[in-house]
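Colleague: I have a model open and want to learn how to read it. Can you take me through a sheet and a helix?

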Amino acid sequence: MVLSSAELHLLAGLQGLPVRQLIWDLNAIYFVSNQHTLKLEALADRPPTSDADRYDEASYICVHEPETSGPFSDAGEEGYWYRVLARDIRIDKVELVRSYIGTPGSVLIRPNRRELSSVTVTPVDCGALITTELGILPAVQLGHSFGFSHWPELRFYSRGEVKSELDGNYEILQLGGQ
């Protein structure tokens, strides 16, 4: 439920990249550049611990180049939820967001309390903070609710607003090259 080294490399490779379109979708963020499209995708599955019950679930991310590569329609498309948040923008910084899930019960464990927990704790890469000149795009699954649509508004946020929403329940990890 944590990114592979190849996925971390793809995510870190966004830093400094000019993108033609930055897309926010229910379960994905798309980065459409002149060279390729990268997809940061939301997924959910049962934690891989022996004490997880059948109802336990963790929301995590994967990073890959999708089969469909854009560009996306600026006006959207009937039957699709996505929005073009920005055009012709540079990705300044990408930070990984990690949470910790306790099982059984799929409880969110604060990072500074995970060693003290009486349940089995699984690290989960649940999103990324994408910094641009317009602010931060918070591609983070809040409270382990699947997808990226649980933020109060579909927009760029300030660092203070992001930290307030994350409320100390997540670790923000720097990626290489920053």
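Modeller: We will take the sheet, then the helix, in this predicted model.

Colleague: What is the strand order in the open sheet?

Modeller: Start with the general idea. Strands of a sheet pair through backbone hydrogen bonds, either parallel or antiparallel. Here 5 strands run in the order β4-β3-β2-β1-β5, and the pairing is antiparallel.

Colleague: Which strands stand at the edges?

Modeller: β4 (58-64) and β5 (83-90) do. Each has a single partner strand, so one side of each lacks a neighbour in the sheet. On average, neighbouring strands are turned by 20° against each other, direction ignored.

Colleague: How many bridges join β1 and β5?

Modeller: β1 (residues 18-24) pairs with β5 over 6 bridges, in the antiparallel sense.

Colleague: Now the helix. Where does α1 lie?

Modeller: α1 (residues 5-12) lies across β3 (37-45) and β4. Its angle to β4 is about 70°.

Colleague: Which residues of α1 are buried?

Modeller: General idea again. An α-helix has 3.6 residues a turn, so residues three or four places apart point the same way. In α1, the buried residues are E7, L11 and A12. They span an arc of only 135° around the axis, which puts them on the same side of α1.

Colleague: What covers the buried residues of α1?

Modeller: The cover includes β3, β4, β6 (93-103) and β8 (120-132).

Colleague: Which exposed residues does the face turned away carry?

Modeller: S5, A6 and H9 are the exposed residues on that face of α1.

Technical notes:
Residues numbered from 1 in each chain as written. Predicted model: local features only at pLDDT ≥ 70, side-chain atom pairs only at ≥ 80, totals over all residues. Heavy atoms only, no water. Pairing = 2+ DSSP bridges. Helix = DSSP H or I, 4+ residues; strand = E, 2+ residues; numbered from the N terminus. Axes fitted to C-alpha atoms, helices over the stretch in contact; angles between N-to-C directions. Contact = heavy atoms within 4.5 Å. Buried < 20%, exposed > 50% of the residue type's maximum accessible area, 1.4 Å probe, protein only. Arc of directions from axis to C-beta.
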